[in-house]
Amino acid sequence: MDNMVSRKKAVGIGVLAAVTCSLVTGLTVAYVSSGAAQASEELKPIVSQLNEVQQLVDEKFVGEYDLGDVEDYVLSGYVSGLGDRWSYYMTEEAYEEYKTDNKDTRVGIGITVSLLTQDDGSEALEVQTVAVGSPAEEAGFGSYDRVIGVDGSSIAELGGYEEAVDAVRGDPGTEVVLTVVDYDTGKTRDITVTRGEFEQIYVTSRVIDGDIGYVKIDRFASETDEQFIAAVDDLQEQGVSKLVFDLRNNPGGSLASLVNSLDYLLPEGKIITLNAKDGTEEVYESDADEVDLPMAVLVNADSYSAAEFFAEALREYDKAQIVGETTSGKGYSQIVYPLSNGGAVGLSSSCYYTPDGTSLIGKGVEPDVECSLTDEQLEHYYTLSDDEDTQLQAALDAVNEK
């Protein structure tokens, strides 16, 4: 849902990292030739200035440069100049990675990492999440383990964070040796992991306190709706009488997946309305089938787009209480348009509205029960127990009272 640049990066797993998630994902629209003529006329002043700069570069610049890099910076700057934080430009490499990230299966080892500067000043890749069923999970990786070396070279020797992440990636069936500091024991060991293909799991679930179904939705990808419905069906078969949906740190994603997930939960009525620049309106509605159980939705400041919309739609139908923090406040959907240079632009192409006709732009979703984690809890978010997770406890209390 957002184009916030994150220092967290996916290494061959089912999590989109440092790349924009959008409410409308993976759609392409044909380029209209009449628009090209109009655009070229409007761009004449810019082209003239670029030619002037290029002439100065040709005559005066003493350094070396790559014209392809210049092109990427120009295009990125143009889109940034629109003043829309949700629109973005992707280089050819970034676009290929984006398409890979949106596949239902991934090739790699299955971890997301962030850059960590250690006490001695050296850099490490700190593991945030480990994908279910991935080679990393099978090898015993856990959250907050620290990768300090790849195939015998330190992060610094590899050239830094980006180069180290690239070194971890590779073809299926190949091996990589990671030097890892174990989070639990503090001991350093070498772990050999065979890169492989694995299904991306976006939804996990379990029963808490005997009768509360807990469902964690990491992202609204193309398979999320099927995984979500299966998870809730399974929990109901286990006899749960209440549901808690955890959408903290969920960056949003696919419109179809969002609509299908809400349709499964909501009674008959409007789900979402999208208005395009040309005045076209799209309305998605729910059928009469619904899940009639008390619900609570967990969100935080990093719940974006489809995630915050999911929470607000349930509340507007009086299906759920929202617990946590005020969300990001996104109300535009993006479509990714491929470019002739191999890159792509994601442009905000529609405004979207909740079932009651509300836009979330700039205000987000305010929780019914406000609750934040402490800095210490956030430092160990992925290893918090249920008892240590005060936001989860607040959601359990809310659903028990509903």
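**A core and its surroundings**

Modeller: In this protein, 69% of the contacts (heavy atoms within 4.5 Å) with a separation of 6 or more are between residues 24 or more positions apart. The model is predicted, so local features need pLDDT of at least 70 and side-chain atom pairs count only at pLDDT 80 or more, while totals for chains, interfaces and linings use all residues. Residues are numbered from 1 along each chain as its sequence is written, and side-chain values use heavy atoms, leaving out hydrogens and water.

The protein has 12 helices and 20 strands; these are DSSP runs numbered from the N terminus, helices being H or I of at least four residues and strands E of at least two. Of its 402 residues, 46% count as buried. Buried means under 20% relative accessible area, exposed over 50% and partly exposed in between, with a 1.4 Å probe and protein chains only.

The part I will follow is the largest nonpolar core, which has 41 residues. A nonpolar core is a set of buried Ala, Val, Leu, Ile, Met, Phe, Trp, Tyr and Cys residues joined through side-chain atoms within 4.5 Å. Phe228, Phe245, Phe310 and Leu314 have the most contacts inside this core. At least two of its residues come from each of β12 (212-217), α8 (224-237), β13 (242-246), α9 (255-265), β14 (269-276), β16 (295-299), α10 (306-316) and β17 (320-324). The greatest share is that of α10, with 7 residues.

Phe228 shows how these pieces meet. Leaving aside residues up to four places away in sequence, Phe228 touches Val203, Val215, Ile217, Phe245, Ser261, Tyr264, Leu265 and Phe310. Phe228 also belongs to the contact between α8 and α9, as the next values show. These two helices pack at an angle of about 25°, with their axes 8 Å apart. Axes are lines fitted to C-alpha atoms, for helices over the stretch in contact, and angles run from 0 to 180 degrees between N-to-C directions. Angles under 35 degrees count as roughly parallel, over 145 as roughly antiparallel, 65 to 115 as roughly perpendicular and the rest as oblique; α8 and α9 are therefore roughly parallel to each other. On the α8 side the contact is made by Thr224, Asp225, Phe228, Ile229, Val232, Asp233 and Gln236. On the α9 side it is made by Ala256, Ser257, Asn260, Ser261, Tyr264 and Leu265.

Four of the strands that supply the core, β12, β13, β16 and β17, also belong to a sheet. This open sheet of 6 strands has the order β11-β12-β13-β16-β17-β20, with mixed pairing; two strands pair if DSSP finds at least two bridges between them. At the edges stand β11 (203-208) and β20 (369-370), each with a single partner strand, so one side of each has no neighbour in the sheet. Strands β11 and β12 run antiparallel and are joined by 6 bridges, and Val207 stands opposite Gly213 in β12. Helix α12 (residues 390-401) packs on the sheet and touches β11, β12, β13, β16, β17 and β20. The direction of α12 makes about 150° with that of β13.
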